[in-house]
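Please keep the structure open beside the text as you read.

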Amino acid sequence: QVQLVESGGGLVQPGGSLRLSCASSGSTYTLGWFRQPPGHGREFIMGMRLSDGSTYLGDSAKGRITISRENAKNTVYLQINDLQPEDTAVYYCAATSNYGATWAADFPFWGHGTQVTVSS
């Protein structure tokens, strides 16, 4: 069992930036970021293996999005720049032992999510 806590969401104007955080109680997992826009399912953004920082991207990852980590805190960050209204979604952090997984069903552990709203 692993606990995940996301933070950093909020209301931002178009063109702005946000850094979302995901703190994990375990250090042996791959953490993935998903987002769920209103009325849609969860889509995979990016994943990172905590042990060595290896990353992989989903189809929704664009040049505006980067992922980083802070080893000492078992924390992964998702930086989103030039936010647009279509980025409005609940952003979730999830954990899996399967590096490379992109389907939500392959992630057994989830945080509660953090809301990101992009609006002027």
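This is a predicted model: local features need pLDDT of at least 70, side-chain atom pairs count only at pLDDT 80 or more; totals for chains, interfaces and linings use all residues.

- The partner of aspartate 52 is arginine 49, and their side chains form a salt bridge with an N to O distance of 3.0 Å.
- Arginine 49 has a relative accessibility of 29%, so this residue also falls in the partly exposed class, which lies between the buried limit of under 20% and the exposed limit of over 50%.
- As background, side chains of opposite charge can pair when their charged atoms come close.

**Salt bridges around aspartate 87**
- How many salt bridges does the count come to? The count comes to five.
- In one of them, arginine 35 meets aspartate 87 at 2.9 Å, N to O.
- Are arginine 35 and aspartate 87 buried or exposed? Both residues are buried.
- Aspartate 87 also forms a salt bridge with arginine 64, where the closest N and O atoms are 2.9 Å apart.
- This second pair links distant parts of the chain, 23 residues apart: arginine 64 is in the loop between β6 (55-57) and β7 (65-70), while aspartate 87 is in the loop between β8 and β9.
- Arginine 64 is buried, as is aspartate 87.
- A network of salt bridges links Arg35, Glu43, Arg64 and Asp87.

**The fold as a whole**
- The protein chain has eleven strands and zero helices, so the run of elements from the N terminus is β-β-β-β-β-β-β-β-β-β-β.
- Its radius of gyration is 13 Å, close to the 14 Å that the globule rule gives for 120 residues, so the chain is as compact as a globular protein of that length.
- Along the principal axes, the C-alpha atoms of the protein chain fill a box of roughly 40 × 30 × 25 Å.
- Of the 120 residues in the chain, 46% are buried.
- Taking contacts between residues at least 6 apart in sequence, 56% join residues at least 24 apart.

**Surface and charge**
- The protein chain has an accessible surface of about 5900 Å², and carbon and sulfur atoms account for 47% of it.
- The chain carries 8 positive and 9 negative charges, whose mean positions are 5 Å apart.

- Leaving out residues up to four places away in sequence, threonine 30 touches Met48, Arg49, Tyr56, Ala94, Ala95, Thr96, Tyr99 and Phe107.

**Positive phi in two loops**
- Most residues other than glycine have a negative phi.
- Asparagine 74, in the loop between β7 and β8, has a positive phi near 50°.
- Aspartate 82, in the loop between β8 and β9, is not a glycine either and has a positive phi of about 50°.
- With 39% relative accessibility, aspartate 82 counts as partly exposed.

Terms used
Residues are numbered from 1 along each chain as its sequence is written. Side-chain values use heavy atoms; hydrogens and water are left out. Helices (H or I, at least four residues) and strands (E, at least two) are DSSP runs, numbered from the N terminus. The radius of gyration is taken over C-alpha atoms; the globule rule is 2.2 Å times the number of residues to the power 0.38. Buried means under 20% relative accessible area, exposed over 50%, partly exposed in between (1.4 Å probe, protein chains only). Contact means heavy atoms within 4.5 Å. Accessible areas come from the Shrake-Rupley method with a 1.4 Å probe; for residues, only the protein chains shown count as cover. Lys and Arg count as positive and Asp and Glu as negative; His and the chain ends are not counted. The place of a charge is taken as NZ of Lys, CZ of Arg, CG of Asp or CD of Glu. A salt bridge is a side-chain nitrogen of Lys or Arg within 4 Å of a carboxyl oxygen of Asp or Glu.
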